[in-house]
Amino acid sequence: MNFEITENQKMIAQMVRDFGAKHIKPNVMKWDESQEFPVDLFKEMGKLGLMGVLVPEVYGGSGLTYFEYVTAIKEIAKIDGSIGLSVAAHNSLCTGHLLKFANEEQKKKWLPKLATAEWIGAWGLTEANTGSDAANMKTVAVKDGDYYVINGSKNFITHGKSSNIAVVIVRTGQAGDSHGMTAFAIEKGTKGFTHGRKENKLGMRASETTELIFDNCRVHKDNMLGKEGEGFIQSMQVLDGGRISIAALSLGIAQGAFEAALAYSQERQQFNKPISTFQGISFKLADMATEIEAANLLTFQAADLKNRHQEVRKESAMAKLYASEVAVRTANEAVQIFGGYGYTKDFPVEKFYRDAKLCTIGEGTSEIQKLVISRCILK
Ligand SMILES: Cc1cc2nc3c(=O)[nH]c(=O)nc-3n(C[C@H](O)[C@H](O)[C@H](O)COP(=O)(O)OP(=O)(O)OC[C@H]3O[C@@H](n4cnc5c(N)ncnc54)[C@H](O)[C@@H]3O)c2cc1C
């Protein structure tokens, strides 16, 4: 593996930094406090190619690799984790599912809209009573001629309200059968498909999280992705890629918290010295920097495997597990280094602290990552 940062990565990092300084940074706390999901911002990011990073140019995307994708998510999350989460969910989950499993006609119909952010995408696997145990889902689709009639609901769905299309995995067979679920792409406005309540969250507050509700929703069989019964297997593969983006999101949050703490520790004086001169503080910074570096290597290892179309289940779970826990630890120590000021909204670390926690939960909790990793190493 080559550790050198590519010219494309440097370019995309600079582009995100410039865009973020102008369009994201000034609004971070406003969106956080109002829980506003800034749809127009995503349209602007679409113009920069950030909403279809991995989508080939033939479908209107940027046609870049996981290296540039990880770099983009990381740089966005350094400024605002919730924008990073939404960009990741749009790119990796909804668009990623279509990219991998839609047929040519479906790709031509939906990918150009998603890659340019003309449309925002959502992806629904989780239900209120089946999160980690997603295969036990209760939302069902019953065949009726050329249509499937869907009833049930999905919970905690990123962009559940503002999305124009959702890829949804529903039960078409027996409960407990991993071949008993099927994926459909369902457009906004389809009769019987609505959104439910929006969550009021600890962090990632500018990223909209809502329920999806299906009440006798009739979806044509042409909206099925792949074959009947493949939905759950597909979604596990989609998550293999998605977890790399949550690792990148975690890295950005960790790096943002670390940089803020590093600068503050050199400015803040106590006992007539910068607090960075106290070993108790400098060792914290050393631990933070080391863990971020290790998380970065795990994440780029997974990205490299993905670029080479290799099996990545274990490596993406490891990257997600480690990077997300590092984000939580780093943000926690950053608040500590800021002391009382870290506990206020005048400094950025309290938000990193709140946002970081989602990374150990979304796209499979840390415990579920350990389950995935242990299954890979015990087989
Ligand atoms: C902000 C946000 C955005 C999200 N976006 C999406 C989205 O766009 N699409 C989507 O489909 N989902 C989404 N999710 C859902 C997310 O993936 C789930 O919350 C997550 O998978 C955990 O499920 P749960 O919340 O039901 O927790 P549970 O599964 O109820 O877990 C509760 C606790 O039990 C532990 N646990 C469960 N099973 C085991 C086990 N076998 N061994 C050990 N411990 C176990 C868990 O690790 C956790 O600590 C989102 C969630 C949030 C908070």
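This is a predicted model: local features need pLDDT of at least 70, side-chain atom pairs count only at pLDDT 80 or more; totals for chains, interfaces and linings use all residues.
Local features were taken at pLDDT of at least 70 and side-chain atom pairs at pLDDT 80 or more, whereas totals for chains, interfaces and linings use all residues. Residues are numbered from 1 along each chain as its sequence is written, and side-chain values use heavy atoms, with hydrogens and water left out.

The ligand is surrounded by 18 residues, of which the closest are Thr-126, Ser-132, Phe-156, Thr-365 and Glu-367; a residue counts as near if one of its heavy atoms lies within 4 Å. Polar contacts are pairs of N or O atoms within 3.5 Å. The side chain of Thr-126 places an N or O atom 2.7 Å from a nitrogen atom of the ligand. For Ser-132, a side-chain N or O atom is 2.6 Å from a ligand oxygen atom, and a polar side-chain atom of Glu-367 lies 2.7 Å from an oxygen atom of the ligand. The ligand taken alone exposes 970 Å², of which the protein buries 65% (Shrake-Rupley method, 1.4 Å probe).

Elements are DSSP runs, with helices (H or I) of at least four residues and strands (E) of at least two, numbered from the N terminus. At least two shell residues come from each of β1 (121-124), β3 (147-158) and α11 (366-378), and β3 contributes the most, with three. The shell comprises seven nonpolar, eight polar and three charged residues; Ala, Val, Leu, Ile, Met, Phe, Trp, Tyr, Cys and Pro count as nonpolar, Asp, Glu, Lys and Arg as charged, and the others, Gly among them, as polar.

Pockets were defined on a 1 Å grid over the protein atoms alone, as open sets of points where a 1.4 Å probe fits, with protein on both sides within 12 Å along at least five of seven lines; lining residues have an atom within 4 Å of a point. Two or more lining residues come from each of α5 (81-101), β1, β3, α7 (231-267) and α11, and α7 has the largest share, six residues. By class, 23 are nonpolar, 11 polar and 12 charged.

The second largest pocket has a volume of about 550 Å³. Tyr-66, Lys-100, Gly-241, Lys-306 and His-309 are the closest to its centre among 24 lining residues. This lining draws at least two residues each from α4 (66-79), α5, α7 and α8 (279-307), with the most, six, from α5.

Key. A polar contact is a pair of N or O atoms within 3.5 Å; within protein, one must be able to donate a hydrogen and the other to accept it, and residues adjacent in sequence count only if both atoms are side-chain atoms. Grid points are joined across faces, edges and corners, and a volume is the space filled by probe spheres set on the points.
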